[in-house]
Amino acid sequence: MAEGSDTTLTAEQTAETPQGLVASLKSFAAGHGGAKAVIEYVGKRGARIVLVGEDGVWGDQFADDTVVARQACAKAGVTVENAWERELMDQMRPSNDLWRSMARRTMAR
């Protein structure tokens with residue numbers, strides 16, 4: 001950035017948490033007996049919030065960055081895990097539709 005630029009990010013800046021994102025996270029958690037999340041940085045796209053419901057169903061949402069993702073999870077009451085722990089992965093139950101989708105991608109290569 002050019003010297004003297006007013007767009008320089010600082011630690012004090014806070015990102016605005018979209019209410020639609022918070023509502024989606026709350027809805028998922030309510031519909032699946034609670035949820036845990038893992039936040040993944042995906043470059044320019046922002047951050048992916050992977051949600052794992054207590055019933056094993058999983059889904060994802062995207063946020064502008066990891067700060068927004070963590071704030072949204074906190075507001076929605078969703079626990080954020082630091083990494084993909086074995087217990088969390090064992091809890092996931094992919095749907096039959098997802099298995100079929102993955103099979104089509106593999107077969108098409």
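Q: Buried means under 20% relative accessible area, exposed over 50%, and partly exposed in between (1.4 Å probe, protein chains only). Why is R45 called exposed?
A: R45 has a relative accessible area of 52%. The cut-off for exposed is over 50%, so the term applies. The structure is a predicted model, in which local features need pLDDT of at least 70 and side-chain atom pairs count only at pLDDT 80 or more, while totals for chains, interfaces and linings use all residues. Residues are numbered from 1 along each chain as its sequence is written, and side-chain values use heavy atoms, with hydrogens and water left out.

Q: Where is R45, and which residues is R45 in contact with, leaving aside its neighbours within four places in sequence?
A: R45 sits in the loop between β1 and β2. Contact means heavy atoms within 4.5 Å, and with neighbours within four places in sequence set aside, R45 is in contact with F62, A63 and D64. The C-alpha atoms of R45 and A63 are 8.3 Å apart, and the two residues are 18 apart in sequence.

Q: What makes up the secondary structure of the protein?
A: There are four helices and four strands, in the order α-β-β-β-α-β-α-α from the N terminus. Helices (H or I, at least four residues) and strands (E, at least two) are DSSP runs, numbered from the N terminus.

Q: How do you know that β1 and β2 pair?
A: Two strands pair if DSSP finds at least two bridges between them. Strand β1 (residues 35-41) and strand β2 (residues 47-53) have seven bridges, in the antiparallel sense, so they meet the rule. One of the bridge partners in β2 is A47, which faces Y41. The hairpin has five residues between the strands, and G43 takes a positive phi near 70 degrees in it.

Q: In which sense do β1 and β4 pair?
A: The sense is parallel, with three bridges between β1 and strand β4 (residues 79-81). The rule asks for at least two, so this is a pair. V38 stands opposite E81 in β4.

Q: Why is the meeting of R48 and E40 called a salt bridge?
A: A salt bridge is a side-chain nitrogen of Lys or Arg within 4 Å of a carboxyl oxygen of Asp or Glu. For R48 and E40 the N to O distance is 3.6 Å, so the pair qualifies. R48 is partly exposed at 22% relative accessible area, and E40 is partly exposed at 24%.

Q: What makes D60 and R48 a salt bridge?
A: Their side chains meet at 2.7 Å, N to O, which lies within the 4 Å cut-off. D60 lies in strand β3 (residues 58-63) and R48 in strand β2, so the pair ties together parts that are 12 residues apart in sequence. D60 is partly exposed, with a relative accessible area of 31%. Salt bridges with shared partners join E40, R48 and D60 into one network. By this rule the count is two salt bridges.

Q: Which residues touch the most other members of the largest nonpolar core?
A: A nonpolar core is a set of buried Ala, Val, Leu, Ile, Met, Phe, Trp, Tyr and Cys residues joined through side-chain atoms within 4.5 Å. The largest one has 18 residues, and L21, L25, I49, L51, C73 and V78 touch the most other members. Two or more residues come from each of α1 (19-31), β1, β2 and α2 (66-76). Beyond its neighbours within four places in sequence, V78 is in contact with residues including L25, A29, L51 and C73.
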